[in-house]
Amino acid sequence: MLRLPPFEYHAPKSIAEAVALKAEYGELAMYVAGGTDLFPNMKRQQFTPQNLIGLRKIPELFQLVFDQDGTGLTLGAGVSLNEVAEHPDILKNYPALAKAASLVSAPQLRNMGTIGGNLCLDTRCTYYNQSYQWRKALGFCLKKSGDTCWVARSSPKCLAVSSSDCAPVMVALEAEFCLASPAGEAVKTRIVPASEFYKNDGANFLNKTADELLVSIRLPTYYSGKSGIGWKMNYRKLSRRNAIDFPLLGVATAFRQKDNGDCAEARIVLGAVGSSPLRADEAEKILQDGSLTLERIEDAVQAAAKLAKPLDNTDMTLSYRKKMASRFITEAFNEVLKV
Amino acid sequence: MNKNNNYQWIGKSWTKVDGLAKAKGETVYADDLFLPRMLYAKMLRSPHPHARIKSIDISKALKRSGVVAAMTGKDLPIPFGILPVSQDEETLCVDKVRMIGDPVAAVAAIDEETAEAALEDIVVEYEILPSILTIEDGLKPLSERPVREESGLPAPDVPAAEAQIHEYADSGNIHKQVALEFGDTETGFAEADHIREELFYYEGNTHLPMEEHSAVAQHGADGRVTLWSSTQTPHYVHRALAKVLEMPASQIRVIATPVGGGFGGKTDPFQHEMVVCKLAMMTGRPVKLTLTREEVFYTHRGRHPVLMFVKAGMKSDGSITALHFRNFLDGGAYGSYGVASTFYTGALQTVTYPIANYKFEAMRVFTNKAPCGPKRGHGTPQPRFALEVLLDKFAEDLNLDPAELRLRHLMPDNSKTINHLTVTTNGLGECIRKVTESSGFQKRRTESTLGKGIGLGCGSYLSGAGLPIYWNKMPHSGVQIKIDRGGGVTIFCGSTDIGQGSNSVLAGIVAEELGIGIEQVIVVTADTDLTPVDLGSYSSRVTLMIGNATLAAVRPLREQILSATAEVLKIPAEKLTLRRGQVVSKNGSVEPVSFVDAVQWAETKFGTLGSVGSYTPPRRGGKFKGAGVGPSPNYSYSACVAEVTCDPESGLYSVDKLWLAHDIGQAINEKLVIGQVEGGAYMGLSEATMEAQVYRAGKDNPAGLHKTPSMLDYKSLTALDMPEVETILIETHDPEGPYGAKEAGQGPLLPIMPAIANAINNAVGVRVDEVPITPEKIFQGLQNLKKGKSGRIGPKKFPKITFPEALKVEPPEDNSVL
């Protein structure tokens with residue numbers, strides 16, 4: 001069988017201890033939370049850390065606090081995906097996030113996998129997520145050990161796909177990520193809006209230094225309002241199977257309607273059709289402060305779907321994934337208008 | 001169902017004899033074996049699809065700390081292969097590699113990590129050869145070749161022969177060609193009222209057993225070699241080892257460990273089995289090699305991709321006047337069972353509905369990809385898919401209910417097919433009636449709810465091949481039974497339980513005949529030192545053949561026990577029977593005596609209680625060349641109705657329910673039969689909807705790389721994708737099977753794929769003449785329909801190639817009733 005290469009495991013009990021360890025070992029170390037993505041990648045030698053800094057013993061990473069009076073949700077990065085999927089406060093106030101988390105892989109992996117891990121998920125590509133021997137036969141690729149992007153050989157940058165289910169939702173809900181890094185003996189933190197956390201470059205896809213640790217996520221409050229007026233949010237996922245599949249397209253939406261039914265605010269974010277979640281600013285502008293006529297919706301759908309530039313490096317054909325982008329966005333509108 | 005209520009065990013449901021150990025994690029699979037001083041082996045594999053090996057240097061690997069031995073193909077150069085006509089595999093490639101993943105060297109080390117690291121020390125020099133990756137390229141004459149792989153440009157300087165994968169091929173890269181004609185198809189087509197010509201394509205897919213192949217070998221102080229291996233065919237492995245190791249078979253012991261899923265993927269003798277034996281002999285230490293999941297994808301032997309041309313003629317009443325199949329099989333890099341697979345793509349079309357005239361042509365080509373072989377259904381699912389979809393199209397032409405069309409024309413009991421196969425009993429009519437009734441097929445089919453669809457498919461499969469893999473007239477299955485004075489009954493049989501429950505079949509039949517509990521039967525199987533030969537777990541042969549062999553062995557023992565008891569009790573033996581652990585008199589005239597007492601009386605009278613029994617299938621089938629593939633003691637029949645919901649905008653669909661009726665002849669253990677039917681439904685649905693073993697090709701890619709060699713990326717159904725299956729068992733009590741039994745392992749898979757295709761057509765009007773039936777294809781069909789074009793998705797081109805003149809075979813003299 002494929003063996004997990006040997007490594008030294010560290011189990012810090014605080015964020016300060018964790019970031020200090022990372023500073024000490026530098027490039028030889030990686031953080032590990034649930035390990036559901038990292039360990040398979042280590043077996044295939046995408047990553048070859050000699051030290052792993054385990055995050056399971058750090059209490060601060062497991063907080064889940066919802067304050068109804070305006071501050072919103074503070075979610076520790078170590079909270080399991082199953083807890084995100086099933087927690088009553090999240091189900092009630094951030095149903096799109098709960099749904100996205102519930103659609104990740106399978107129950108066993110959601111028990112181990114964390115929200116922080118899903119948000120920092122390594123980008124994926126059918127030329128990259130292969131064993132060492134397979135990639136060697138290929139001649140390696142731009143993302144790891146090679147200089148060719150096999151998806152598009154003229155591409156100067158890696159085109160691996162952002163495959164997190166939760167990331168597009170976080171962007172749509174304008175979450176803020178709290179990153180910790182060492183500052184001498186102390187810990188320094190930095191707040192980054194979700195939309196700025198992701199970069200559309202498959203090899204360098206996070207606005208995060210190697211030292212930095214994602215410790216928590218803060219989500220503003222979204223009032224769902226009365227009789228369907230207010231925020232409505234959803235996440236739709238295209239995958240071949242109903243479990244154990246990364247998204248081939250993810251569509252996160254959030255709408256706020258006025259009392260008269262007009263659109264007050266709209267957020268549309270596409271996942272898995274680029275190296276980062278793609279927010280459809282133009283489509284959002286078309287809808288902002290206007291009535292939801294079929295024409296406007298169609299314009300918005302077209303504007304949003306235009307962003308989807310899938311490539312032939314996941315399951316399902318790229319033309320189908322592109323077509324499904326407009327279909328899924330349309331369905332998201334239909335759901336809003338149904339109520 | 002005509003249930004014989006006198007049985008104590010047969011037809012009932014009881015717990016698998018090995019079930020609890022598996023549930024509790026106590027079963028010892030091959031990879032669970034740890035022997036003292038054991039070494040771990042790894043194989044270095046080719047990164048090129050087709051290349052000549054110029055040199056291999058293992059010296060550096062041997063110097064690595066922890067490495068105990070290393071070997072190359074030259075250390076064990078004798079070729080092998082499952083079929084006598086395809087001895088084309090080497091333990092490790094000697095002169096050339098024929099696919100990415102072909103092994104070229106092996107290392108034994110103190111642990112897996114060291115062995116793996118040592119592979120990097122081995123230096124192999126290759127000379128790249130042109131690679132063949134498609135059926136079309138495989139069909140081309142060598143003179144039309146080829147392109148140089150590294151440049152993607154035509155290479156006129158390349159000697160034509162360089163593109164030939166195996167020199168022994170029939171011609172070029174055409175491994176095997178077949179052309180047979182039964183009756184006169186030209187006349188048959190002339191008599192038809194409707195004629196259809198269709199193209200179908202069935203993508204290749206793999207078995208995906210949960211357990212990766214694993215083998216452990218030990219070279220004892222007595223000079224004997226013992227191999228433990230997760231194999232479905234220990235007897236064939238035994239023969240291959242004797243040949244390759246150049247040792248008498250008596251000096252080799254093969255033990256098949258409990259198999260964690262086989263489905264045909266563990267029926268060949270394999271390279272890793274040879275490697276561990278040789279490394280054990282070189283080092284004097286036990287050696288284990290367990291394949292990685294990726295290596296299992298390269299070992300493959302799965303479903304052949306098949307491109308099919310079908311022409312059929314039908315009268316207005318639905319009878320088939322002529323049928324012509326022309327099949328191209330993509331065989332991959334080695335022969336494996338391929339010659340048999342090729343014949344199987346033509347053999348069993350005839351056993352469901354009478355076909356008046358039949359022509360069958362096929363070619364299997366070698367390509368530089370993992371070798372195809374037998375997967376559940378072996379060669380039959382591809383043409384069955386084509387035939388059952390074709391019948392659906394004919395039903396539309398004739399404006400007939402598809403069930404009615406089939407019911408009108410069924411092979412009668414005790415009849416012969418046009419290709420000389422004998423049908424003893426045929427439960428297909430009852431299967432069709434039951435699934436259509438249970439599902440409300442007739443009504444739902446005509447309801448015009450867009451997006452909701454229902455479809456029917458049928459199939460038939462053999463209960464064991466009539467002939468063995470290598471020519472001989474010995475029994476196919478042997479059984480030995482001994483009875484201990486304490487009442488324990490041990491049955492020895494070479495059969496291999498691969499999860500299908502064959503050990504439980506052995507125990508159940510012995511328990512039934514001796515009137516004892518299942519737990520009193522000790523089952524010893526699949527060990528060439530201890531057990532009589534059984535040919536192995538393939539071709540759905542096991543229940544029928546070991547069942548008949550067991551009956552032959554156990555019934556004389558039963559007579560001995562009854563006779564000895566009768567003597568002691570002083571009543572005629574005919575008045576006694578064995579029931580529930582006792583000898584009882586049929587009319588209750590004497591007190592029951594315990595089985596243990598009866599056994600001791602029998603041993604007193606007859607000496608040690610033991611017996612043997614064996615089974616050889618009846619000699620049937622035609623006399624023509626190729627007649628060896630297809631005959632079987634009896635045939636199972638299955639019918640499936642599938643209900644689907646398909647989004648007419650996106651083509652995304654779900655399968656809501658399957659109704660699956662199977663003619664089992666007689667269930668031995670009903671629960672296990674239902675398990676086999678459901679397992680077949682799962683596997684069939686998975687390949688119908690998504691599975692594809694495909695490779696990279698084209699100028700921008702290093703050709704021949706497997707696209708998805710992992711369980712994450714090779715898509716198969718998850719539990720959440722699996723619908724409810726309503727299983728209906730039909731019992732036809734076939735005279736050839738033990739208690740009337742037929743097979744259950746493969747047949748129930750066959751009707752699933754066409755049932756899904758027909759249901760999708762019923763739902764959204766799109767005909768997908770291809771497997772897998774994916775949302776992308778349906779979406780394309782829907783787009784075409786919107787543009788006013790045909791909604792058919794499927795192959796449009798078919799290679800133009802001249803087949804040899806068909807061998808004309810006269811129909812059987814009396815082709816209706818025996």
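Biologist: In this predicted model, which residue takes a positive phi just after α6(B)?

Modeller: Helix α6 of chain B covers residues 234–245, and the backbone just after α6(B) adopts a positive phi of about 55°. The residue with that phi is B:Glu246.

Biologist: Is α6(B) largely enclosed or largely open, and which elements cover its buried residues?

Modeller: A residue counts as buried if 20 or more other C-beta atoms lie within 10 Å of its own, and 10 of the 12 residues of α6(B) are buried, so the helix is largely enclosed by the rest of the structure. Among the buried residues are B:Pro234, B:Tyr236, B:Arg239 and B:Leu245. The cover over the buried residues includes, from chain B, β10 (225–229), β11 (252–256) and α7 (271–283).

Biologist: What distance separates the end C-alpha atoms of α6(B)?

Modeller: With 12 residues at 1.5 Å a residue, α6(B) should span 16 Å, and the separation of its end C-alpha atoms agrees with this. That separation is 16 Å.

Biologist: Where on α16(B) do the buried residues lie, and within what arc?

Modeller: The buried residues of α16(B), which covers residues 595–606 of chain B, are B:Phe595, B:Ala598, B:Val599, B:Trp601 and B:Ala602. Because an α-helix has 3.6 residues a turn, residues three or four places apart point the same way. Seen down the axis of α16(B), the buried residues line one face of the helix, since they fall within an arc of 160°.

Biologist: Which element gives the most to the side of chain B that touches chain A?

Modeller: The contact takes 28 residues from chain B and 25 residues from chain A. On the chain B side, α3 (112–119) and α19 (775–786) each supply at least two residues. The element that gives the most, with 3 residues, is α3(B).

Note on methods. Residues are numbered from 1 along each chain as its sequence is written. Chains are lettered from A and ligands numbered from 1 in the order in which they are written. This is a predicted model: local features need pLDDT of at least 70, side-chain atom pairs count only at pLDDT 80 or more; totals for chains, interfaces and linings use all residues. Helices (H or I, at least four residues) and strands (E, at least two) are DSSP runs, numbered from the N terminus. The expected span of a helix is 1.5 Å times one less than its number of residues. The arc is that of the directions from the helix axis to the C-beta atoms. Two residues are in contact if their C-beta atoms, placed from the backbone, lie within 7 Å.
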